[in-house]
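This report describes side-chain packing and ring interactions in a predicted model. The sequence and structure are shown first.

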Amino acid sequence: MSAAQILADIRDALRGELGDGFSLISHFVEDQGKLLAEQAQFIADQRANGDLRTNDALYQHFLKGLENNTINMARSVAMLTALTIEKAWNTVANALWGGISGILTAAGLPAPLIPNAPPHV
């Protein structure tokens with residue numbers, strides 16, 4: 001096993017593992033962002049020309065709902081990002097320590113001298 005092969009293993013593993021993670025985040029952000037934008041546009045339109053024009057309490061209620069939805073979206077994106085980072089770490093660490101293990105095993109080193117992979121995040 002060579003450095004080039006270990007790099008290829010890392011690249012291929014990350015591509016396979018994170019492809020879904022990144023697309024999940026981007027699809028989620030696009031879908032939720034569209035809904036939030038439509039909600040904001042509705043509130044603005046109603047405040048300018050509709051029932052919320054003279055109803056301050058209801059206007060504030062709708063703004064609070066938009067704020068809560070925005071916070072929930074941001075928290076969800078943060079959690080999805082953390083999961084993607086965890087997958088990336090585990091994938092890279094497994095490839096690197098697998099490469100070390102393969103090289104040392106092929107060199108005939110006994111198992112107790114082969115380092116264990118670091119704990120998964």
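Over the ring of which residue does the charged end of Arg47 sit? The ring is that of Tyr59, and the charged end of Arg47 lies 4.0 Å from its centre.

**Nonpolar core**

Tyr59 is also a member of the largest nonpolar core, which has six residues in all: Leu36, Ile43, Leu52, Tyr59, Leu66 and Met73. At least two residues of this core come from helix 1 and at least two from helix 2. The most is given by helix 2, which supplies three residues.

When neighbours within four places in sequence are left aside, Ile43 is in contact with Leu52, Tyr59, Leu66, Phe62 and Leu63.

**Aromatic pair**

The model contains one aromatic pair. Phe42 and Phe62 form this pair, with 6.0 Å centre to centre and 65° between the planes. The arrangement is edge-to-face, because planes over 60 degrees apart are counted in that class. Phe42 belongs to helix 1 (residues 3–49) and Phe62 to helix 2 (residues 56–106), so the pair ties together parts that are 20 residues apart in sequence.

The accessibility of the two partners is listed below.

| Residue | Relative accessibility | Class |
|---|---|---|
| Phe42 | 43% | partly exposed |
| Phe62 | 28% | partly exposed |

Definitions and conventions: Residues are numbered from 1 along each chain as its sequence is written. This is a predicted model: local features need pLDDT of at least 70, side-chain atom pairs count only at pLDDT 80 or more; totals for chains, interfaces and linings use all residues. Side-chain values use heavy atoms; hydrogens and water are left out. Rings of Phe, Tyr and Trp (its six-membered ring) pair if their centres lie within 6.5 Å; planes under 30 degrees apart count as stacked, over 60 as edge-to-face and the rest as tilted. Helices (H or I, at least four residues) and strands (E, at least two) are DSSP runs, numbered from the N terminus. Buried means under 20% relative accessible area, exposed over 50%, partly exposed in between (1.4 Å probe, protein chains only). A charge sits over a ring if NZ of Lys or CZ of Arg is within 6 Å of the ring centre and within 35 degrees of the ring normal. A nonpolar core is a set of buried Ala, Val, Leu, Ile, Met, Phe, Trp, Tyr and Cys residues joined through side-chain atoms within 4.5 Å. Contact means heavy atoms within 4.5 Å.
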